[in-house]
Amino acid sequence: MSGAARCPDCGSCEIVEDAHYSQEQLVCADCGFILTEGALTTTQTEEGFQQAVTFTVGTGQNESISRTKLQGIVRVRNLCRVLRLPDTFADTAVSYYESAFYLPLCHSARKEKKEAIMGCCVYITCRQHGWPLTMATISSLLYSKYELVTSVFLELVQALKVDVPSMSLQALAKSHCQSFRLFRTSPSAPEGYAEDLDKVLERTLQILELASETWLVTGRHPIPIITAAVYLSWQSLKPAQRLSCTLSRFCKLCETELPSPAVLRLKELKERCLKLATQLPWLKMQTLNNKTVVYHLGDIVKHQAYLLRKALEAMEMSTTPSEEGSSSDQQPPGAAFLPPCVTKPRKRPYTTAFPDKLQNITGDEDISDSEIEQYLRTPDEVACFQQQQAQLDTRQ
């Protein structure tokens, strides 16, 4: 509700109606100032004279604290309204914010952290209701750093003791694809670059299924691999026109951010597709590379079950020992896929078994009682040690 009424605190005309404790009241949407408060309770004498008791008088709450809390509630509802969430979602998010408002993590928190708490209440609600929403979307709406929102989310989940279920990769991909500008009516897009959302989404889900079967999803952040899969599926629909478009330009045309690991995920996806393409009978005589394999992506995802089975058979044949010895070190191009942490493990710094000052250890050195106590784990071991120590003392 906006009209002639003005906020006496900041002068804004954005006056809205907000239900607080089932009472309608007028609130400034910009600063949270309460213009009119609803009646909460009345005494018998006041009911006779029709005198209403306001929120601050009836509850004894400090007016500044209630104003801050109400401003946060309005902010949470506005976030839900921007995301077009159902009213039940907004009520749940507000209840989480009201619970978090009195937690120690909200006390003396700076403005950025309070904004992150409001966004995390909305994010937790969406996750619990299976609504596809990313942490990056929340951080962009709040203009907050992604790392701050993530840390606040972990603190809030532990403080509220709520259960946040994991989100399906397919549902997350559907939500992420809807924000890409090239998949909507875009007259400014270059010729041949605009594409139907349903076609791109169908192939993207197939690529993500292939990535999941070949260990590219486990332990990885979902947004970079979804971005790479969307770009690869978009290219494969019209490769002749779109093969020259890079991933960075594609994200710029779609008006979306390019996650830094997406380039690596794209390289890994192309390597997987290239290995599987060598198993297709009609492509065995052709020379393929990371660029030309995009032309055959439709056949790869269509026959991925057959191709993965052939890759496993090729791996078993390569690891079968022969009369000349085992050939497990020589795998064909279509060998079975392994997790990246196994194929490309991180290099650990080299450390010696013993430092220079401990090279002359023989095992006959004296061990103090305090060092022995460090190795005791159970009460039985402690009692046995004390018994042996007492026997030694009596003999002496």
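Me: Why is Trp-215 called partly exposed?
Reply: Its relative accessible area is 40%. Buried means under 20%, exposed over 50%, and partly exposed in between (1.4 Å probe, protein chains only). So Trp-215 counts as partly exposed. This is a predicted model: local features need pLDDT of at least 70, side-chain atom pairs count only at pLDDT 80 or more, and totals for chains, interfaces and linings use all residues. Residues are numbered from 1 along each chain as its sequence is written, and side-chain values use heavy atoms, with hydrogens and water left out.

Me: What makes the phi of Trp-215 worth a remark?
Reply: Most residues other than glycine have a negative phi. Trp-215 is not a glycine, yet its phi is positive, about 65°. The residue sits in the loop between helix 9 (197–213) and helix 10. Helices here are DSSP runs (H or I, at least four residues), numbered from the N terminus.

Me: How do you know that helix 10 is largely enclosed?
Reply: Of its 16 residues, 14 are buried, so the rest of the structure largely encloses helix 10.

Me: What makes the span of helix 10 close to the expected one?
Reply: Helix 10 (residues 222–237) reaches 23 Å from its first C-alpha to its last. The expected span is 1.5 Å times one less than the number of residues.

Me: Why is the pair of Trp-234 and Phe-250 called tilted?
Reply: Rings of Phe, Tyr and Trp (its six-membered ring) pair if their centres lie within 6.5 Å; planes under 30 degrees apart count as stacked, over 60 as edge-to-face and the rest as tilted. A search of the whole structure finds eleven aromatic pairs. In this one the centres of Trp-234 and Phe-250 are 4.8 Å apart and the planes stand at 40°, so the pair is tilted. Trp-234 lies in helix 10 and Phe-250 in helix 12 (residues 247–253), so the pair ties together parts 16 residues apart in sequence.

Me: How do you know that Trp-234 is buried?
Reply: Its relative accessibility is 0%, so Trp-234 counts as buried. Phe-250 is buried too, with a relative accessible area of 0%.

Me: What makes Arg-265 and Glu-268 a salt bridge?
Reply: A salt bridge is a side-chain nitrogen of Lys or Arg within 4 Å of a carboxyl oxygen of Asp or Glu. The closest N and O atoms of Arg-265 and Glu-268 are 3.1 Å apart, so the pair meets the rule. Both residues lie in helix 13 (residues 262–277), three residues apart. Shared partners join Arg-220, Arg-265 and Glu-268 into one network.

Terms used:
Helix = DSSP H or I, 4+ residues; strand = E, 2+ residues; numbered from the N terminus.
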